[in-house]
Amino acid sequence: MPAGLLEPAGAFSGREKGEMEREKILACVDHTLLKQDAVWEDIRGICDDAVKYRTASVCIPPSFVKAARKYFDSLGESMAVCTVIGFPNGYCTAGTKAFETREALENGADEIDMVINIGDLKAKQYEKIEEEIRMLKEICGSKILKVIIETCLLTEEEKIAMCRIVTKAGADYIKTSTGFSTGGATFEDVALFAAHVGPGVKIKAAGGISSMEDAERFLSLGASRLGTSRIVKLVKEEEGR
């Protein structure tokens, strides 16, 4: 576990230590709802959960960004709003992604999770991918840009290539998955990212994170963010018991 993430053994009672670990894990969670049939009541519910449990952000569809920002403002909350661009397939044009990104930021988004064009990666058009990421980062400015590479569709060589590209393009994070393809985050992929990304590039594990133990292990391997809806649900179930 990275230094400072968990308190030293013996510093707290079992219950206190468990609560501290839970809080620190929640602070790394992008509390996510990207289902196609989501309605505002669903989105408002995860916004309320994010405030209550102090998650890193809510990650929601672009169509709800403006409403979520307005809702947080009405509560006096500065909770980060994250949204997705080129989602989930990544094969829209760079111009379309640029428009989506600008509109999301104008609507109040604080963080952008973009999907690369996987076909370009398969075709080894590395410069094209780097140029697209760099353009979106320029649009984001000081706002966070995360790059989703959909690891379940890639070879190890392609994953390593994307670590280099994301680093060169100046993005803030490399992210494993959309959660809408054939697989989600794996421990092996997060460890691979940690070994190959450059200084300053953080890691987001997303897709299929379903237990506190998994969350803790992803963080110990080098992830700084976790894209998941399940962690907050687990905490709420625990409180219910």
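Modeller: First, the ground rules: residues are numbered from 1 along each chain as its sequence is written, and side-chain values use heavy atoms, with hydrogens and water left out. The model is predicted, so local features need pLDDT of at least 70 and side-chain atom pairs count only at pLDDT 80 or more, while totals for chains, interfaces and linings use all residues.

Biologist: What volume does the largest pocket have?

Modeller: On a 1 Å grid over the protein atoms alone, a pocket is an open set of points where a 1.4 Å probe fits, with protein on both sides within 12 Å along at least five of seven lines. Grid points are joined across faces, edges and corners, and a volume is the space filled by probe spheres set on the points. For the largest pocket that gives about 490 Å³.

Biologist: Which residues lie nearest the centre of the largest pocket?

Modeller: Lining residues have an atom within 4 Å of a point. By class, the lining has seven nonpolar, eight charged and eleven polar residues. Here Asp, Glu, Lys and Arg count as charged, Ala, Val, Leu, Ile, Met, Phe, Trp, Tyr, Cys and Pro as nonpolar, and the others, Gly among them, as polar. Of the 26 lining residues, those nearest the centre are Thr 32, Leu 33, Leu 34, Thr 228 and Ser 229.

Biologist: Which elements each supply at least two residues of that lining?

Modeller: Helices (H or I, at least four residues) and strands (E, at least two) are DSSP runs, numbered from the N terminus. The suppliers are strand S1 (29-32), helix H2 (40-53), strand S7 (202-206), strand S8 (225-228) and helix H10 (230-240).

Biologist: His 31 is in strand S1. Is His 31 buried or exposed?

Modeller: Its contacts (heavy atoms within 4.5 Å) beyond four places in sequence include Ile 46, Val 58, Thr 228 and Val 232. The cut-offs are under 20% relative accessible area for buried, over 50% for exposed and partly exposed in between, with a 1.4 Å probe and protein chains only. At 3% relative accessibility, His 31 counts as buried.

Biologist: Lys 204 is found in strand S7. With which side chain does the side chain of Lys 204 make a polar contact?

Modeller: Lys 204 has 0% relative accessibility, so it counts as buried. A polar contact is a pair of N or O atoms within 3.5 Å; within protein, one must be able to donate a hydrogen and the other to accept it, and residues adjacent in sequence count only if both atoms are side-chain atoms. At 2.8 Å, the partner is Asp 113.

Biologist: Against which elements do the buried residues of H7 pack?

Modeller: The buried residues include Glu 158, Ile 160, Cys 163 and Val 166. Cys 163 has a relative accessible area of 0%. The packing partners are helix H5 (118-122), helix H6 (126-140), strand S5 (144-148), strand S6 (173-175) and H8.

Biologist: Which residue follows H6, with a positive phi?

Modeller: H6 has 15 residues and reaches 21 Å from its first C-alpha to its last. Phi of the residue after H6 is near 60°, and that residue is Gly 141.

Biologist: What is omega for the cis peptide bond that joins Phe 87 and Pro 88?

Modeller: Pro 88 sits in the loop between strand S3 (80-85) and helix H4 (94-106). Omega of the bond is about -5°.

Biologist: Is Glu 150 buried or exposed?

Modeller: Glu 150 is in the loop between S5 and H7. Its phi is positive, about 55°, although it is not a glycine. At 2% relative accessibility, Glu 150 counts as buried.

Note on methods
Expected span 1.5 Å × (residues − 1).
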